[in-house]
Amino acid sequence: MPNGELADLVERAAERSRTARPELQFVRFTRLQRILHICMIVSFITLALTGLTLKFSYTKWAAMLSHLLGGFESAGNIHRSAAIVMFGVFVTHLVDLYRLKKREHTSWRSLVFGPGSMVPNRTDLAELVATLKWFVGLGKRPAYGRWTYWEKFDYFAVFWGIAVIGSTGLTLWFPVFFTRFIPGSFLNVATIIHSDEALLATGFIFTVHFFNTHLRPEKFPMDITVFTGRMPLEELKRDKPREYEALVASGKLEEYMEEAYPPIVTRTIRAFAWAALAVGFSIVLWIIYAVLFAYR
Amino acid sequence: MAETNIARSKWRAGLGAIIATLLAAVFSLVSWERPVRAADQPGAECLACHGDKSTTTTRAGKTVSLYVDGKKFATSVHASFGCTGCHADLEGKDFPHPTPARVQCGTCHTAEQEQYTRSLHGKAIARGDALAPRCVNCHGNHDIYPVKDSRSAVAPLKVPFVCGQCHQEGTPVSRNRTIAQDNILENYSESIHGEALLKKGLAVAPNCATCHTAHSILPHTDPASSINRRNIAATCTKCHSQIEIVHRKIIRGELWEKQANVLPSCPDCHQPHKIRNVFYDLGMANADCMRCHADEKLHRARDGKSMYVSVGEVSHSRHNKIACSQCHSEVNASHVRPCETITRGVDCTSCHDEIGKLYVTSIHGQLNGKNDPNAPTCKECHGTHGILGKQDPQSSTFAVNVPGLCARCHREGQKAAVRYTGMQHEIIANYTESIHGTLLKNGLTVTATCTSCHTAHHILPRSDPASSVNANNVPTMCGQCHHGIEEQFENSIHAKRVSGYSKPLPVCNDCHTAHSIHRTDENSFRLNVMTTCGRCHEQIAATYFETYHGKVSRLGYTKAAKCYDCHGAHDVLAVTDPRSHLSRTNVAATCGKCHAGATRRFAGYLTHATHHDPRKYPFLFYTFWGMTTLLLVTFVVGGVHTLLWLPRAFQMRQELRAAEAEDAAKPETPASKNKENTDA
């Protein structure tokens, strides 16, 4: 091979690698947060599937699924294992919050009421009102900050859900222990709360949360920011203008910019997300069928 | 030494015999002499009064004749003894003498007296039975003659009537005493023995005493009795000495005598008192039958049915000691074809009488009575010449073969199954799969087969109160084997005696089914039992399925508590009963079977709760509706929010698409692109 040709080849390869260099994207979630979300998805869907077989035990679906999961006993073990994962996610997140407080905040107060806080505040209320106005055509789309009010709602819904479902679930897991403190009939109450709250969580996540966060028409086919942790800068400007402006003003934007993942990674993520979505929708259909047409 | 002893004892025996003979001769001479001397006037003194027919006395308010016929007495065997020979207590007494004591015949007739004392009659007297006969009742008093003398009260021709005084219908004895035989005198007089004795005057024909003895009359159960099973052959062979030759098939001489107990004894075939010469057909022996019936080609002219009888088959059968003519009665040996006189088929009840009576009342027998062609008779189940006992593994009625036997008609599609209108179907298939069927297949012959529950000969439909499988009889029937369980069941709330409930209560088969009984630790049973209990306990079963145990059970989890795990199975009792597994004292232990460490408070879990009943379970009801409200509100708010958003979101999408299209049309620097987007 002549030398000139080789040099040409090297030149072209270098050119290709320069042009294929991924764009820089805004980092919205840390690696731990993304891992926690994936763990949450897996454990949540597992909990939902195994739990609902019991709640809707009267449907053919439930019997079939229970059978697929290796019988009820095995389904129960899977449910409890998934619950442990969920508790793990919850505890890890609390630890992460504690570390965040140590790293970036001087006091708990600043963590809770600071600018990046998930705790709803006056601005959220104003934005809610403005959003409703926008919906009915009485105003422009509000300039949302880092966390919108529906994102904050989803976040605390999970807190509430873990508290309610987790505590009742533990009671039902260790009934002999808990009835040392509470009457036996509270187990019946716990059952109702556990299962109905689970129904609420499942139904809400697989419909409202899916729509609000992943499936909004303008983001169709899917917003995968929570998996990659990154979002295009334009999207940040469009979706979270207030945050963008704050970052630009503070001059910290560059700190948050990182290279996007190669397409193979995003494709894998999409496949996973679609699978989760499909399972979620199936569960919703099953719930609707069980509640409306087969309820006893 | 030994030799001298033997020689000495021989010598002694010889001397004893000589002395005895001499003494006997002297004694007989003396006794021969005495009547000659005393015959002149036996008891003349006494007859002065007692020879007068008007001599009477009053005993217990009744006038009793004291007349003694002097002439008869003078000719009687006791004439030589005079009156005081028997009425010894009047010896030397002058008139008026006291009432004499009862004459003791045994003073002279010691041997007879001994026999009599041991006999049925003697024991009755000893008990004070007023109806029991004494010597005088059979033999008379002053007119006793030798037995051979036709004037004797116990002359052979008279014996049946002497005994018949008591042993015939209508007498106080026959009415008041338990005697297994009936119509004794009547039957006897019609029997071959009675006919010979009474009608033909054949004095050697047996009378009552020939078989029963005169003085040693004992019940046939007494081993010493002449009519005991072990002794009857000896009794009969006193006359029928070579009877084995006639009974060459039925009895083998040597066995008959040595082991009478293993063979049928005479009365087994020849019923006592009814012995006939017609029924057993002049000794028609099998060999005579087999002259023709051993031919394999032999067939009936009428319909071509094979009339071949396999000797091998018969000789291995249960009836190999029964003669052909015992079953095929009505043969007549005087015919060239002895069987041509047969008019009826084989009637097994001539021997198997009890079973015959049961069969007639059974559904099979009832149908047979109506000439139903489908009705099974004895031979359909038991076979004919090759009949075997039910203990024989080759027998069609051997436990392992019974289901197959019944299946011939009761298998689905067969004649009995086709006409059956009840609820039980595929009974044979179900039975074969059942626990009983499986055990039977594995060779456990004591397990239940068809006949264990339905009986062999008294099969009746379930609706019949006399049926073994009638609801009222089922617990007892199953309890034959499952005794402990029956005991528990009879003390449970499901027993009428305990609950006092008038409606029909469940019995074994209501929960365990009739033919598809499975082990209760099998999954199918554990998963179906709630539906089973739920047939009656509808409400409680429905609410069970609303709680944890019920839900997981429905998903096929066999370990979760089923009805009987808590309530008990056969010993189920009202929860208010202190003995119940769920009473205040027992409930924690019951829960503890699965939930180790369960307490009374743990047992407060409502296993049959529903959140649909605000009256009974208000807190569950309100919790449920509270949660439902929360759910609905959340979904409505979330839903409305999303729906309102949707049009705006689409609008945004369109704007984005438009901007992208614009970008594509005039590619620019990323900075200007960003700027445009922000403006939009």
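Select helices α9 and α13 of chain A and look at their crossing, which is left-handed, meaning that the near helix is turned anticlockwise from the far one by less than a right angle. This is a predicted model, in which local features need pLDDT of at least 70 and side-chain atom pairs count only at pLDDT 80 or more, while totals for chains, interfaces and linings use all residues. Residues are numbered from 1 along each chain as its sequence is written, and chains are lettered from A and ligands numbered from 1 in the order in which they are written.

Keep α9(A), residues 185–214, and α13(A), residues 263–292, on screen: their axes come within 10 Å and cross at roughly 125°, the axes being lines fitted to C-alpha atoms over the stretch in contact, with angles from 0 to 180 degrees between N-to-C directions.

Next, show A:L199, A:T202, A:G203, A:F206, A:T207 and A:F210 of α9(A), which meet A:L277, A:G280, A:F281, A:I283, A:V284 and A:I287 of α13(A); contact here requires C-beta atoms, placed from the backbone, to lie within 7 Å. By class, this contact has 8 nonpolar, 4 polar and no charged residues.

Methods. Helix = DSSP H or I, 4+ residues; strand = E, 2+ residues; numbered from the N terminus. Contact = placed C-beta atoms within 7 Å. Nonpolar A, V, L, I, M, F, W, Y, C, P; charged D, E, K, R; others polar.
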